[in-house]
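Please read the numbered points with the sequence and the model in view.

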Amino acid sequence: MNNDYRYQLETPRVTGRRQQKTTCPHCGKKKCFVRYVDTHNGNQYVADEVGKCDHQHSCGYHYKPSDYYRDNQWVTKPASNDHCTPIPLPPFRPLSMDYVTRSHSPQSTFWQWLSNDVARRLSIPPERLRQVFDDYQLGATHQSDVIFWQIDHLGQVHGGHIMQYHADGHRGGYQSWTHVKLIRDGVLPQDWQLNQCLFGQHLLTRRPDDHVCIVESEKTALIMTACRPEYLWLATAGSGGLSAERLHCLQGRRVILFPDSGCYDKWSRHMQATTAIHYTISPRLECYAPNTDLADLILGEAKPP
């Protein structure tokens, strides 16, 4: 067994035990997520969300231990007297804004549902929806999947989250990232890595005095923006997307977090070590079924546990 690298993906060869695949924290599919183990500390798992999804093209989630300890600086890294070779982090390389501009289109199935069905049900004015569409730079693929672009407060494009939605506003089985195809086509180098930021982060500089509200899904952030435009709504793009690294841009801001039901304790732990952020965490959704979010509540689809 090669122990040059302290943290390795769990396999029988590495641990001498049966591999335990779990549910991917990003795509939600079961028995497809392989976690990293600490080979210098009894092959313990680093954290439940630290690992790699088997669905490389449809999901692409890969959260390395080095990224985890960088994002969660309050976590004490286990001590080890053994020698291990550090894994260097590649530099952040933003995507061209041309990709965002060229994809900016209302022709996704998701946006058609939001601008028609949701707008009618919630009596949202067309001009407000158009502002939401332009502010968040929504894109569409040739297959009518929506692209949620992640652009930071400096205007740098971190990536595009591609998601399939059905005509009723529910998610389809497909999701990916724009860089997956760009790497496959040779446009980006093979070692290019996704470095996520908050969805909607680029709007912070335009609205320096507004309260910031953070939710998990991009869909929820957009619906809430249309319904409660007095707040600036950002999304983590997954329950594991809340980290000190990504929240650094919110220093000095007033922040309200709305975790999906079942994630209140997890988000509370993540926020304990933050500094210079005036925040509150709402437990409002905890009385509903797991994974209920504000969009479900607004649309009357929230269910009891």
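1. R17 and E10 form a salt bridge in this predicted model, and their closest N and O atoms are 3.1 Å apart. R17 counts as partly exposed, because its relative accessibility is 31%. E10 has a relative accessibility of 0% and therefore counts as buried.

2. N43 itself is placed in the loop between β2 and β3 (44-45). Its relative accessibility is 15%, and the limit for a buried residue is under 20%, so N43 counts as buried.

3. A second salt bridge joins R93 to D191, with 3.1 Å between the closest N and O atoms. R93 belongs to the loop between α2 (65-71) and α3 (97-103), while D191 belongs to the loop between α6 (178-184) and β10 (212-215); the pair therefore ties together parts that are 98 residues apart in sequence. R93 has a relative accessible area of 27% and is partly exposed. D191 is likewise partly exposed, with a relative accessible area of 44%.

4. R228 and E230 form a further salt bridge, in which the closest N and O atoms are 2.7 Å apart.

5. The structure as a whole holds 13 salt bridges.

6. H26 is found in the loop between α1 (12-15) and β2 (33-38). Because its relative accessibility is 11%, H26 counts as buried. Which residues does H26 touch, not counting those up to four places away in sequence? They are C59, Y61, H161, Q175, W177 and A237. With regard to A237, the two residues are 211 residues apart in sequence, yet the C-alpha atoms of H26 and A237 are 8.2 Å apart in space.

7. Turning to the whole fold, the protein comprises 10 helices and 13 strands. Among contacts between residues at least 6 apart in sequence, 58% join residues at least 24 apart.

8. The overall dimensions may be checked against a simple expectation. For 305 residues, a compact globule would have a radius of gyration near 19 Å, and the protein has 20 Å, which agrees. Along the principal axes, the C-alpha atoms fill a box of roughly 60 × 45 × 35 Å.

9. Finally, burial and surface may be considered for the entire chain. Buried residues account for 49% of the 305 residues. The accessible surface amounts to about 15,000 Å², and carbon and sulfur atoms contribute 49% of that surface.

Methods
Residues numbered from 1 in each chain as written. Predicted model: local features only at pLDDT ≥ 70, side-chain atom pairs only at ≥ 80, totals over all residues. Heavy atoms only, no water. Helix = DSSP H or I, 4+ residues; strand = E, 2+ residues; numbered from the N terminus. Rg over C-alpha atoms; globule rule 2.2 N^0.38 Å. Buried < 20%, exposed > 50% of the residue type's maximum accessible area, 1.4 Å probe, protein only. Contact = heavy atoms within 4.5 Å. Areas by Shrake-Rupley, 256 points an atom, 1.4 Å probe, with all protein chains shown as cover. Salt bridge = Lys/Arg side-chain N within 4 Å of Asp/Glu carboxyl O.
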